[in-house]
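Hi there,

Here is the structure we talked about, handed over with my notes. Have a look at it first, and then read on for what turned up.

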Amino acid sequence: MALNTALNTALQTSKTAYGFWLTLPGAGVAKTILRSTAQHANRFSWVLVDAEHGLISDKDYYEVDSYANPRSSEGASPIIRVPWGEEWLIKRALDAGAHGILTPMCHSEEDAAKIVRYCKYPPQGSRGYGPMFALHSFPEVPAAQYDAGADKNTAVFVQIESKGGLESVEKIAAVEGLDGILIGPFDLAKQIGVQRGGDEHEAAIQRILKAAKSARKKAAIFCTDGADAQNRAQQGFDMVSIVTDVGVLGSGMLRELNVASGKAEGGKPRDGY
């Protein structure tokens, strides 16, 4: 039985599903960003909640349900990147209402199969049962419907960002129950010992993209800005994260400071806070 999520809808109706990286705790930042696009044709359909490198811990997960309503013009699917691919960490994220799970540093098909197993209820997997708060991220969905649809409709992604992961990517992509692969371009470059943005780095990215597409899985990638994201969307990535929350805060404040100090020209005037 289907669970209607913003991400699932976007992947069915759009060529590219756009998201952003959330590293600051609390729903306020995410809701502010989502609100800014609510009245525009271009909207975000997913938010990567970064509990690996961000300032987010599992006590913050529950707040994801406050912006997960797919019927809202501001709704987006929370995908939680847990700190590591351990069963109890994944269980905590799912029970808090995550629409998807992302785990870092997938090195092999065995790693990927393990993550899939942790995300599914028996008999497909080993997820413990206790979704008392998960339902809050699926408004108006009865408990029985969530139970029936959680395995099929919870997005399961692993990150390819290591030498082992790259060498095994075709086998990883073929793992049953895995919905997609997300590329971590920074760690990928460091782990395989090449220059980020160079030819060897790009060749690795294209190999991962091809592997995902060949296995009919979703290909996702972290990007540093809109131009980078546009390029990846044109290459055929299904899911593109365009920027981080802290990246926008820093660059936006610097831009306005430069305008105020006469070092840059101002843009369109704005009212309000």
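The residues of the lining of the largest pocket divide into eleven nonpolar, seven polar and six charged. Before you read much into that or anything below, please keep in mind that this is a predicted model.

**The largest pocket**

Let me stay with that pocket for a moment. The space in the largest pocket comes to about 880 Å³. Its lining is made up of 24 residues, and V248, L249, G252, R255 and R270 are the ones closest to the centre. Which of them gives the most? That is helix 11, with nine residues.

**The cavities**

Searching the whole structure turns up two cavities of 30 Å³ or more.

The largest cavity has a volume of about 60 Å³. Around it you will find L22, L24, P25, G26, A27, V49, I56, D60, Y61, E63, V64 and Y67. Sorted by class, that lining holds nine nonpolar residues, one polar residue and two charged ones.

The second largest cavity has a volume of about 30 Å³, and its lining consists of I79, L102, F157, L182 and M239. What classes do these lining residues belong to?

**Backbone spots to check**

- P122 and P123 are joined by a cis peptide bond, with omega at about 10 degrees. P123 sits in the loop that runs between helix 4 (109-119) and helix 5 (143-153).
- E140 is not a glycine, yet its phi is positive, at about 70 degrees. This residue also belongs to the loop between helix 4 and helix 5. Is E140 buried or exposed? Its relative accessibility is 65%, so E140 counts as exposed, the cut-off being over 50%.
- R216 is another residue other than glycine with a positive phi, here near 60 degrees. You will find R216 in the loop between helix 9 (199-214) and strand 7 (218-222). R216 counts as exposed because its relative accessibility is 78%.

**Cysteines**

I expect you will want to know about disulfides, so how many are there? The search of the whole structure finds zero. Take C119 as an example: it is in no disulfide, and the nearest cysteine sulfur, which belongs to C106, is 12 Å away. A disulfide needs the two sulfur atoms within 2.5 Å. C119 has a relative accessible area of 1%, so this cysteine is buried. C223 is buried as well, with a relative accessible area of 1%. For both, the cut-off for buried is under 20%.

**The chain as a whole**

Stepping back, the chain has eleven helices and eight strands. How does its radius of gyration sit against that of a compact globule? A compact globule of 273 residues would have a radius of gyration near 19 Å, and the chain has 19 Å, so the two agree. Along the principal axes, the C-alpha trace spans about 65 × 45 × 35 Å. Of the 273 residues, 48% count as buried. Contacts across the sequence are worth a mention too: among those between residues at least 6 apart in sequence, 66% join residues at least 24 apart.

**One last residue**

K91 belongs to helix 3 (residues 87-95), and with a relative accessible area of 34% it is partly exposed. Along the chain, K91 and N42 are 49 residues apart, and their C-alpha atoms are separated by 32 Å.

How values were computed:
Residues numbered from 1 in each chain as written. Predicted model: local features only at pLDDT ≥ 70, side-chain atom pairs only at ≥ 80, totals over all residues. Heavy atoms only, no water. 1 Å grid on protein atoms, 1.4 Å probe; cavity = no way out; pocket = protein on both sides within 12 Å on 5 of 7 lines; lining within 4 Å. Points joined across faces, edges and corners; volume = space filled by probe spheres on them. Helix = DSSP H or I, 4+ residues; strand = E, 2+ residues; numbered from the N terminus. Nonpolar A, V, L, I, M, F, W, Y, C, P; charged D, E, K, R; others polar. Buried < 20%, exposed > 50% of the residue type's maximum accessible area, 1.4 Å probe, protein only. Rg over C-alpha atoms; globule rule 2.2 N^0.38 Å. Contact = heavy atoms within 4.5 Å.
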